Each structure stands twice: as structure tokens, then as C-alpha cells.
Amino acid sequence: MSELLVDFITSLDGHASGEGWPGFWGLEGPEYLAWLGEQPEATLLMGANTYRLMSGFGAGEVPDGQDEFRPEEEASVDGLAQASKVVFSSSLEEPLTWANSTLVRDDAVEAVRAMKSSGSGLLSTIGSLSLCRSLLRAGLVDRFRVVMFPVITGATGAERIYDGYPDVALEMIEHRLFDGRIQLVEYKPRVLEHPPLGAPA
């Protein structure tokens, strides 16, 4: 059976991006980039909005406010181009132009449920906040990983990650500090029907 990882990079206040900020908020360091390069191969899952954004970067569109990609951003985009990608959308049309991308029009939750039961590799989300929320609500997420960058984007932050989430209990399974400033936390999530009635034992 495949394992499903929901994977976010965020500001401290839970935004997935910020207007005018570069990729990684401009704070990636050598330890973090080396760790990224060591990650196991995974099939990436995304929705239409993330596909449009990331495939645009793959085609050479530079983020707003920048004249060109920084080397770290370019390497990240190149790596994504090589990965196997599954895109859930009823609005996109085939053929998808970004290399190694497959369009799925079926219900994303049921499609991922089938992928998990029939596969053996790692499935990992990229961006796609509503997709991640739906997969978590359905109880399909095995690991929930967040890499927090040391910025608060109260004025410019976009894409608030946790809005609309259910209550979720998180059992920590890994934590790590990169470059003395970037914090990784990884959990096994459990969706709660109601808040716990008492303190944990």
C-alpha cells in the first residue's frame, strides 16, 4: 500500500506564500537544500491552481516581483519537472503540457484512495490547499509535514493553510532544524470528531 504525505512549506503564521516574497521566503540554506535533494522519489498530487502556477514556472514564467529565477528556485522547478505528477481537475484540458503530468477528472478522494490501495510508492502533495484538506478529512493522510520559515507575513501573506480544517490530533514522528533557522515538524494526523473530553493520559 502507498503512503500519503501532505507536505507544506509555510511562514510561521501559516501562510503558504506571500506577495513580493521569493521562493522559500529567500531563507533557504545549504542544509535545507541538501535535505531537499535527498528526498525519496514520490508521485506528486496537485489541483488545477497549483498545476497552472508550477507549470508556468516550468515554462519559464518568473514569479511576480522578480526579474529571473534564483538558482535555488530554478533547481526546484527542474526537479519538479522530472517527477511523476497527478493533477485533479475538471477544468483543465488534455494533453497537459508539463512533462510527466497525468490528468484525473474523477473525484480526488476516491482516486487517491484507489492509488493508495493499489500502489507501493510514496504519494506526496504539493501546494493544493483544498486537495490536502479533503484528503485529510477523508482520513487518507499518513504523514503531515510542515517546514516553517522564520517570517511572519501578516501584511503580505496569502493562502492561509489551515482555514476550513477539522480539528486534528497530531502525533510527532520527526522534527529537525536546518541552517539554524528553518524548523521541520512531521506528524501522524488523526481527525477528531470532537475535542478531547479530558487531558491526554
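Trainee: Which strand order does the open sheet have, and how many strands does it hold?

Mentor: First, a word on the basis: this is a predicted model, in which local features need pLDDT of at least 70 and side-chain atom pairs count only at pLDDT 80 or more, while totals for chains, interfaces and linings use all residues. Residues are numbered from 1 along each chain as its sequence is written, and side-chain values use heavy atoms, with hydrogens and water left out. The open sheet has eight strands in the order E5-E4-E3-E6-E1-E7-E10-E9, with mixed pairing. Strands (E, at least two residues) and helices (H or I, at least four) are DSSP runs, numbered from the N terminus.

Trainee: What makes E5 and E9 edge strands?

Mentor: Strand E5 (101-104) and strand E9 (168-178) each have a single partner strand, so one side of each is left without a neighbour in the sheet. Neighbouring strands of the sheet are turned by 25 degrees against each other on average, direction ignored.

Trainee: How do you know that E3 and E6 pair, and in which sense?

Mentor: Two strands pair if DSSP finds at least two bridges between them. Strand E3 (residues 42-47) and strand E6 (residues 122-125) have four bridges, in the parallel sense, and Thr-43 stands opposite Leu-123 in E6. E3 is also joined to E4 by four bridges, again in parallel, with Val-86 of E4 as the bridge partner of Leu-45. E4 and E5 likewise pair in the parallel sense over four bridges, where Val-86 stands opposite Thr-102 in E5.

Trainee: Why are both faces of E4 called covered?

Mentor: Buried means under 20% relative accessible area (exposed is over 50%, partly exposed lies in between; 1.4 Å probe, protein chains only). Lys-85 and Val-87 on one side of E4 and Val-86 and Phe-88 on the other are all buried.

Trainee: Why is Leu-192 called buried?

Mentor: Its relative accessible area is 18%, which is under the 20% limit, so Leu-192 is buried. Leu-192 is found in the segment after E10. Leaving aside neighbours within four places in sequence, Leu-192 is in contact (heavy atoms within 4.5 Å) with Asp-167, Val-168 and Ala-169.

Trainee: Which residues touch the most other members of the largest nonpolar core?

Mentor: A nonpolar core is a set of buried Ala, Val, Leu, Ile, Met, Phe, Trp, Tyr and Cys residues joined through side-chain atoms within 4.5 Å. Of the 25 residues in the largest one, Leu-4, Phe-8, Leu-45, Phe-88, Val-112, Leu-135 and Tyr-165 touch the most other members. The largest share, five residues, comes from H5.

Note on methods: Axes are lines fitted to C-alpha atoms, for helices over the stretch in contact, and angles run from 0 to 180 degrees between N-to-C directions.
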